[in-house]
Amino acid sequence: MVWLLICFIGSGASGLIYEVAWVRSLELVFGSTTFAVATVLAAFMGGLAGGSFFMGKMSHRFRRFHPLAVYGVIELLIAVVALMVPWLLRAMIPLYQWVWGSFHASFVLFSVIRLLLSAAILLLPTLLMGATLPIVSDFAGRDAEHGQKRIGMLYAFNTLGAVLGCGAAGVFLFPATGLAKTQWVAVALNVAAAAGAFVL
């Protein structure tokens, strides 16, 4: 259980490093206004909630596979998709320029389109991130005596990792390595969490 908790710290840290990095990246496209940042965060948090909800409903379908193997595959998929996000952001710039020129006069319509553009890029990686806790919780909760305690520990350590990742990204990684390499750190954490899950 201790090693699984360590994997979950890495998983939580990578998620918040991505969040901070992608908000910064999208600020370069959308601008750094409050509404722009709120739009990005809404898309990110919506994806996490959706992934958690749907995997919670569908986790029983994966019971023929070992839950830690499923978790490891999800972590690898997050790493692969995350590598595509910077490319997708660059590819979106001409489209966003056209949207700005055509719709910026209407605040409501422009905000909705911006939310949809953010969601189009962030939906898949955030759905995958949100799916990790339910699949491992389903595994940890099978112990009738200690299941609920173990699920609580998983959530607590995942949250601890998120706090560490957020602080590391904003305080240390961005100033020391820059935006692109900061995202590589998150990818490495996903791969490490996947490797740990497969070993376990």
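Helices here are DSSP runs of H or I with at least four residues, strands are runs of E with at least two, and both are numbered from the N terminus. With that settled, Gly 10 sits in helix 1, and I'll come back to that residue in a minute.

Quick housekeeping before the tour. What you're looking at is a predicted model, where local features need pLDDT of at least 70, side-chain atom pairs count only at pLDDT 80 or more, and totals for chains, interfaces and linings use all residues. Residues are numbered from 1 along each chain as its sequence is written, and side-chain values use heavy atoms, with hydrogens and water left out.

OK, the overall picture. How does the radius of gyration fit a compact globule? For 200 residues the globule would come out near 16 Å, and the protein has 18 Å, which agrees. That radius is taken over C-alpha atoms, and the rule is 2.2 Å times the number of residues to the power 0.38. Along the principal axes, the C-alpha atoms fill a box of roughly 60 × 40 × 25 Å.

Now burial. Buried means under 20% relative accessible area, exposed means over 50%, and partly exposed is in between, with a 1.4 Å probe and protein chains only. On that scale, 44% of the 200 residues are buried. The accessible surface is about 10,500 Å², and 73% of that belongs to carbon and sulfur atoms; those areas come from Shrake-Rupley with a 1.4 Å probe, and for residues only the protein chains shown count as cover.

Contacts next, meaning heavy atoms within 4.5 Å. Of the contacts with a separation of 6 or more, 82% are between residues 24 or more positions apart.

Let's walk through helix 1, residues 2-30. At 1.5 Å a residue, its 29 residues should span 42 Å, and the end C-alpha atoms are 41 Å apart, which agrees. The expected span is 1.5 Å times one less than the number of residues. Is this helix enclosed or open? 21 of its 29 residues are buried, so helix 1 is largely enclosed by the rest of the structure.

Two residues there. Gly 10 counts as buried because its relative accessibility is 13%, and its C-alpha is 17 Å from that of Gly 152, 142 residues apart along the chain. Ser 25 is buried too, at 9%. Which residues does Ser 25 touch, leaving out those up to four places away in sequence? Leu 89, Leu 179 and Gln 183. Just after helix 1, Gly 31 takes a positive phi of about 100 degrees.

Those last two partners take us to helix 6, residues 179-199. The 21 residues should span 30 Å and the end C-alpha atoms are 31 Å apart, which agrees. Its buried residues include Thr 182, Gln 183, Ala 186, Val 187 and Asn 190. As a reminder, an α-helix has 3.6 residues a turn, so residues three or four places apart point the same way.

On to helix 3, residues 67-103. Leu 88 is found in helix 3 and is partly exposed at 27%; its C-alpha is 9.9 Å from that of Leu 122, 34 residues apart along the chain. Gly 101, also in helix 3, is exposed at 54%, and its C-alpha is 36 Å from that of Val 185.

Last stop, helix 4, residues 107-140, where we find Val 112. Val 112 is partly exposed at 42%, and its C-alpha is 8.7 Å from that of Thr 39, 73 residues apart along the chain.
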